[in-house]
Amino acid sequence: MEDHVNAFVPGPRVHVSGKPGGPLAGLTFGAKDLFDVAGVPTGGGNHDWAKFNPVPEHHSWAVQTLLDAGADLVGKTITDEVSLGILGENAFDGTPINTAAPERVPGGSSSGSAAAVAAGLCDTALGTDTGGSVRVPSSFCGLYGIRPTHGRVNVAGMMPQAPSSDTTGWFARDAKTFARVSTVMLGEEPGALPTKLIIATDAFGFADPEVAAALQPMVARLQKIVGESREDLMAPQGLSVWSRAQRTLQPVEAWQTFQPWVEKTNPRMAFGVVAGLLNGAQMPVAERNWAALMRQEARARLRHLLPPGTILCLPTTPFPAPLRGLPMPQLQPLRDRINCLCAQGGLTGSPQVSLPGATVDGAPVGLSIIGGRGTDAALIAVALAMEEAA
Amino acid sequence: MTDFTPNIPEVVAEVSALFERYETALAEKDVAVLDATFWDSPHTIRYALHENGYGFEAIHAHRVARPPGPSIKEKRIRLEILTLGRDIATVNLEFKVRGKDLIGRQSQSWVRFPDLGWKVISAHVSTMDGARLW
């Protein structure tokens, strides 16, 4: 298989066959280079990471689970450096090509996994989502993608970033494959469809008007599937306030995670990654305390909005993928806006699925659905119903 | 200094993916992608098999008017992608015309604009007629 989109990590390609006869027999998968594969160094998107960390002796839980279910591992995929990035640009390994919009970035940090699935190089791929790293590439590459309920999917053997927000997610091109993989990863069949829909008007208003308009047919389809719907605010304090809380908590934890490595090995890193880590290292206690309170408020808000049977929808990203190779001063405001629509995941731990089906200027943009904690299987059912009704 | 390095692999990969997306969009008559591929400017030119499109508006009108149906390309004979530096590329494809003993040729000039990304600024499709003109 030729990797014409630079989705897999450079060098020899790992291949591990799945157990015969499982529910995922016949499917292939890629694993973001944050997931341990026995006998293969975990690269983490930084060329000095593997030097500090021993070659894993065991598969990560997620890789083992997919292999046990019969899927074949066909390679490890490029990640943003130590999972710190949202656009998919990696100074060491390059930027995978987004087949759906080749002049644009694929999104990150699970960039190679999304690019590989979008290009048809594998059927599904593992990603991680701390601050949006599955949801954003799903939106930009036109894929189904899930950030499961925090704590639901075992993260053993997955390189951590900010443990109170880290999750293991996955991608697929079609809802049926997505549901097959999800059934294995969640250990639960797609559940009953929700019966109430909330349209997050603050999030739709925050997105580009072209995005909100392009998503309207999908929202209408969702309304038909779910039944009753109403408009409400997701984040009464303001999306930027939620985002600020996440952008406070996440870097602090990321710094705690990477500090030993940075201080012992003085690794080579891209400027943007260093800036992110320093931000966490220098975060004032007062800011952290405020952010911890804001997280409690956000969790309470989603508990209130999302009792069993209710889901909320919003644009996954405020715009389709930005162009490749934009200069840093242009990228930072875009990252900030993306974070405003993603912060709820890391803050609250609620599950979120991004659904493909809309484009702006020929480039994909996803519609997201969020449920209460533990309702992952209901979101998968919605994904199936949305595809059937398309 | 302007970089004119030929065929930087990642740039070739990018242009190649753009070309493939365009070809898929032609076959599926995905006007949004077809429009997104060409520079939205009165200077853009597309000589198609049966029409001369001067300017984006005319090219768009041709896209909309074209009846859906299978692509005229039956088989690719030779695809040549040349990139110079990171902002200039040409794509040339020689192909067999569907159901006819006829060779088709497709040429595109691509430029990467700082604010728009890669766009085709000029394109030409023609066939090699069996009857020689000279």
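A:Ser109 sits in the chain A loop that runs between β2 (72-77) and α3 (111-118); helices (H or I, at least four residues) and strands (E, at least two) are DSSP runs, numbered from the N terminus. This is a predicted model, where local features need pLDDT of at least 70, side-chain atom pairs count only at pLDDT 80 or more, and totals for chains, interfaces and linings use all residues. Residues are numbered from 1 along each chain as written, chains are lettered from A in the order written, and side-chain values use heavy atoms, without hydrogens and water.

**Exercise 1.** Find the cis peptide bond that involves A:Ser109.

*Solution.* Start with the background: most residues other than glycine have a negative phi, and most peptide bonds are trans. Now look at A:Gly108 and A:Ser109: the bond joining them is cis, with omega about 5°.

**Exercise 2.** Work out whether A:Ser83 and B:Lys29 are buried or partly exposed.

*Solution.* Step one: grab the cut-offs. Buried means under 20% relative accessible area, exposed over 50%, and partly exposed in between (1.4 Å probe, protein chains only). Step two: A:Ser83, in the loop between β2 and α3 of chain A, has a positive phi near 65°. Its relative accessibility is 4%, so A:Ser83 counts as buried. Step three: B:Lys29, in the loop between α1 (9-28) and α2 (31-37) of chain B, has a positive phi too, near 50°. At 26%, B:Lys29 counts as partly exposed.

**Exercise 3.** Sort the residues of β4 (144-147) in chain A by the way they point, then find the strand's partners.

*Solution.* In a regular strand the side chains alternate between the two faces of the sheet. Here A:Tyr144 and A:Ile146 point one way, A:Gly145 and A:Arg147 the other, and all are buried. Next, the partners: two strands pair if DSSP finds at least two bridges between them. Three bridges link β4(A) to β5 (168-172), antiparallel, with A:Gly145 opposite A:Phe171. Three bridges also link β4(A) to β9 (352-360), again antiparallel, and there A:Arg147 is partnered with A:Gln352.

**Exercise 4.** Describe how chain B meets chain A.

*Solution.* First, the contacts (heavy atoms within 4.5 Å): 15 residues of chain B touch 13 of chain A. Then come two salt bridges, each a side-chain nitrogen of Lys or Arg within 4 Å of a carboxyl oxygen of Asp or Glu. A:Arg324 and B:Glu14 form a salt bridge at 3.0 Å, N to O. Finally, α1, α2 and β6 (117-128) of chain B each give two or more residues to its side of the contact, and α1(B) gives the most, with six.
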